[in-house]
Amino acid sequence: MSEAEIIEKLKSGSEPAFKQLVENYQKLVVNTCFGMVHNKHDAEDIAQDVFIEVYRSIHKFRADAKLSTWLYRIAVNRSLNFIRDNKKRKWFQSFEDSVETKTKALQNLAATKSDHPGFQLENQQRAVLLHEAIAALPKNQKVAFTLSKYEDLSYSEIAEVMDLSVSSVESLLHRAKKNLQKKLYRCYKKKCL
Amino acid sequence: MNCKTLHKELIFFLEGDLPLEKREQLEAHLNECPDCAAFAADMKKTLQVTEDEKSTEVNPFFYTRVKAKLENSETQHIGIFEKVFLRKVLQPVFFSILLIIGVYSGIKIGQPTPVNVFSSTQFDQETVPYLNEMETESIETFLME
Ligand SMILES: [Zn+2]
């Protein structure tokens, strides 16, 4: 089934077409959501809602638009809503404190799993550090960075998803990386890992 | 190049965003400064995280869950619809019926009913014919006189 065929059949409520759509784009949507929320379970949960939204609003989809662009948009918006509704970080907790709390929890977990060879503490702690640094980015920088790093989208593809100019995306990514660098350096100096 | 400049440019170096000339300057500094080289190695490992996290395998139960969630939310949809219907339509209808019953019974109660007082005192008996007369006499005949 081609993309146009899937959309056409989906508009008449075909279930095989919906199944095909989910299979074709599951990785794209889950990856994007994961890049935004950094939790596999939450990412899959949000991704399921993305496909339900697609199923319900397929009649609004314009034939000249790109399906992937639309999916990225819904995935990004739903992830942002999820982040807004689940602000777990306390406003008085600094970035370093937050990383420290989470890496300590990992160390405790590692102590109980010492017989488990697949559990690599250092990588897990690095993941926590990077996730916290990405989570601390302003909204648009976070979106641009996620689409660039987790989905390898080009500047122009990100520009299309975010409805911005290519130069704005360039600037967002530049600022995002500068912010991340600052956080990673501070953490390195303080040996927070 | 000094350490401070390197710290400002390092992430762009690691991400491959720098032009060749800049890249060579940074490489030169990293070769002669162990501190910066250690930081660069550390940051490289941290940035590698996103590469390792890109999912390559897909959850085989994903579609089943989407479908279950969709069907579940559709029944909930109907549930919400019923609730709205109940509140917006049935409830006003119920209260209107109650109001109509209320008004109707009010009219019924308000209407003069023939009072049977024959069995009471003598005084009452004298007034009864008069009351009965009023009741049987229609308003038209009353006006005609
Ligand atoms: Zn140096």
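Glu15(A) and Lys67(B) form a salt bridge, with 3.7 Å between the closest N and O atoms, where a salt bridge is a side-chain nitrogen of Lys or Arg within 4 Å of a carboxyl oxygen of Asp or Glu. This pair crosses between chains, running from helix H2 (residues 15-37) of chain A, which holds Glu15(A), to helix H4 (residues 62-110) of chain B, which holds Lys67(B). The model is a predicted one, in which local features need pLDDT of at least 70 and side-chain atom pairs count only at pLDDT 80 or more, while totals for chains, interfaces and linings use all residues. Residues are numbered from 1 along each chain as its sequence is written, chains are lettered from A and ligands numbered from 1 in the order in which they are written, and side-chain values use heavy atoms, with hydrogens and water left out.

**Chain A as a whole**

- The secondary structure of chain A consists of nine helices and zero strands, where helices (H or I, at least four residues) and strands (E, at least two) are DSSP runs numbered from the N terminus.
- Along the principal axes, the C-alpha atoms of chain A fill a box of roughly 55 × 45 × 30 Å.
- Of the 193 residues in chain A, 48% are buried, a term that means under 20% relative accessible area, whereas exposed means over 50% and partly exposed lies in between (1.4 Å probe, protein chains only).
- When contacts in chain A between residues at least 6 apart in sequence are considered, 61% join residues at least 24 apart, a contact being heavy atoms within 4.5 Å.
- The accessible surface of chain A is about 10200 Å², and 49% of this area belongs to carbon and sulfur atoms; such areas come from the Shrake-Rupley method with a 1.4 Å probe, and for residues only the protein chains shown count as cover.

**Charges and salt bridges**

- Chain A carries 32 positive and 24 negative side chains, and the centres of these two sets lie 8 Å apart; Lys and Arg count as positive and Asp and Glu as negative, with His and the chain ends not counted.
- Over all chains, the count of salt bridges comes to 16.
- In the pair between the chains, Glu15(A) is partly exposed at a relative accessible area of 39%, and Lys67(B) is also partly exposed, at 23%.
- Within chain A, Arg84(A) forms a salt bridge with Asp85(A), the closest N and O atoms lying 3.1 Å apart; Arg84(A) is exposed with a relative accessible area of 54%, and Asp85(A) is exposed with a value of 54%.
- Within chain B, Lys22(B) forms a salt bridge with Glu9(B), with the closest N and O atoms 3.6 Å apart.
- That pair links distant parts of the chain, from Lys22(B) in helix H2 (residues 20-32) to Glu9(B) in helix H1 (residues 3-14), 13 residues apart.
- Lys22(B) is partly exposed, with a relative accessible area of 29%, whereas Glu9(B) is buried at 17%.
- Glu122(A), Arg126(A), Asp42(B) and Lys45(B) are joined into one network by salt bridges that share partners.

**Surface and helices of chain B**

- Leu86(B), Val89(B), Leu90(B), Val93(B), Ile97(B) and Ile101(B) form a nonpolar patch on the surface, together having about 500 Å² of accessible area; a patch is made of residues with over 30% relative accessible area and no salt bridge, with like charges joined within 9 Å and nonpolar side chains (Val, Leu, Ile, Met, Phe, Trp, Tyr) within 5 Å.
- Leu90(B) lies in helix H4 of chain B and counts as partly exposed at 40% relative accessibility.
- Glu24(B), in helix H2 of chain B, counts as partly exposed at 45% relative accessibility.

Notes:
The place of a charge is taken as NZ of Lys, CZ of Arg, CG of Asp or CD of Glu.
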